[in-house]
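Me: I have a structure open and would like to go through it step by step. Could you help me read it?

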Amino acid sequence: MEKKKSKIQEIFKAISRVVVSNCIRFYCKIVYKYEILGRENIPKEGALIFCGNHRSYLDPPLIVVTCPRKMRFMAKEELRKNGLFGFLCYIYNSIFVKRDSKDIGPLKEAMKELKNGECIGIFPEGTRNGMDKNDGKLKNGASYMSLKTGAKLVPIGIKGEAKPWHKVTLTYGKPLDFSDMLKDKSAKELEDYVSERLKEEIIKLSSEN
């Protein structure tokens, strides 16, 4: 009975993803006139961690529906309580994270996906406009997962005001590969270095200049 119920849920999610993805693409194309650049930079196979700058509620769904690779996004636990975003997280199988919690369950789940060659989406700023709030630094979650699993980091730059009738551009950068990085530094130093390199690429891709 449980297996049948689970199968029905997965079918429902799959159908919902197709319908919802088309609706989001159509809506964003009309209202935000979005442009996607750099799709050719995304490998067709292998574990990837997609990392973008986070400015508005538009960022996660726009990345998910325009990326040629299926991914599971890491989302804050509070979104469960939001009707619309809670539903989106459900059908796209998001991994919920409790802020300021020591629960490593979500991290282990994400790393399991990566070890299976799948993709994860994350905002390394930790919150919207996080670099402005964290002394210009990124959280080390993405760099930690990359170093532990060998997954490549795909930087994403999002620019343009997330307001109706303003153009939004999303640019996928070339993957950053740290799998063969020399282990001549402490784990924290390595994570900081990878996060800094990632930040540089995200800033470059999201620059208005």
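Predicted model: local features only at pLDDT ≥ 70, side-chain atom pairs only at ≥ 80, totals over all residues.

Me: Now rings with rings. How many aromatic pairs does the structure hold?

Reply: The structure holds five aromatic pairs. One of them joins Tyr 57 and Phe 85, with ring centres 6.4 Å apart. Their planes stand at 70 degrees, and planes over 60 degrees apart count as edge-to-face, so this pair is edge-to-face.

Me: Where do Tyr 57 and Phe 85 lie in the chain?

Reply: Tyr 57 belongs to the loop between β2 (48-52) and α2, while Phe 85 is in helix α3, so the pair ties together parts that are 28 residues apart in sequence.

Me: What about Phe 178 and Tyr 193, how are their rings arranged?

Reply: Their planes are at 90 degrees and their centres 6.4 Å apart, so this pair is edge-to-face. Phe 178 lies in the loop between β7 (169-172) and α7 (187-206), and Tyr 193 lies in helix α7 itself, so the pair ties together parts 15 residues apart in sequence. Phe 178 counts as buried, at 9% relative accessibility, whereas Tyr 193 is partly exposed, at 37%.

Me: Changing topic: how much space lies in the largest pocket?

Reply: About 1400 Å³. The pocket is lined by 44 residues, and the closest to its centre are Met 74, Val 97, Arg 99, Phe 123 and Gly 126.

Me: Which elements give two or more residues to that lining?

Reply: They are α2 (59-66), β3 (72-76), α3 (83-91), α4 (105-115) and α6 (141-149). The most comes from β3, which gives five residues.

Me: What classes of residue are in that lining?

Reply: The lining of the largest pocket has 24 nonpolar, eight polar and twelve charged residues.

Me: And the second largest pocket, what lines it?

Reply: Its space is about 260 Å³. Among the residues that line the second largest pocket are Val 20, Ile 24, Tyr 27, Cys 28, Leu 84 and Leu 88. Tyr 57 and Phe 85, the pair discussed above, are also in this lining. Two elements, α1 (2-31) and α3, each supply at least two of its residues. By class, the lining has eleven nonpolar, no polar and no charged residues.

Me: Last topic, the whole chain. How many helices and strands are there?

Reply: The chain has seven helices and seven strands. From the N terminus, their order is α-β-β-α-β-α-β-α-β-α-α-β-β-α.

Me: How does the radius of gyration compare with that of a compact globule?

Reply: The two agree: a compact globule of 209 residues would have a radius of gyration near 17 Å, and the chain has 17 Å. Along its principal axes, the C-alpha trace spans about 50 × 45 × 35 Å.

Me: What share of the residues counts as buried?

Reply: Of the 209 residues, 46% count as buried.

Methods: Residues numbered from 1 in each chain as written. Heavy atoms only, no water. 1 Å grid on protein atoms, 1.4 Å probe; cavity = no way out; pocket = protein on both sides within 12 Å on 5 of 7 lines; lining within 4 Å. Points joined across faces, edges and corners; volume = space filled by probe spheres on them. Helix = DSSP H or I, 4+ residues; strand = E, 2+ residues; numbered from the N terminus. Nonpolar A, V, L, I, M, F, W, Y, C, P; charged D, E, K, R; others polar. Phe/Tyr/Trp six-rings, centres within 6.5 Å; stacked < 30°, edge-to-face > 60°. Buried < 20%, exposed > 50% of the residue type's maximum accessible area, 1.4 Å probe, protein only. Rg over C-alpha atoms; globule rule 2.2 N^0.38 Å.
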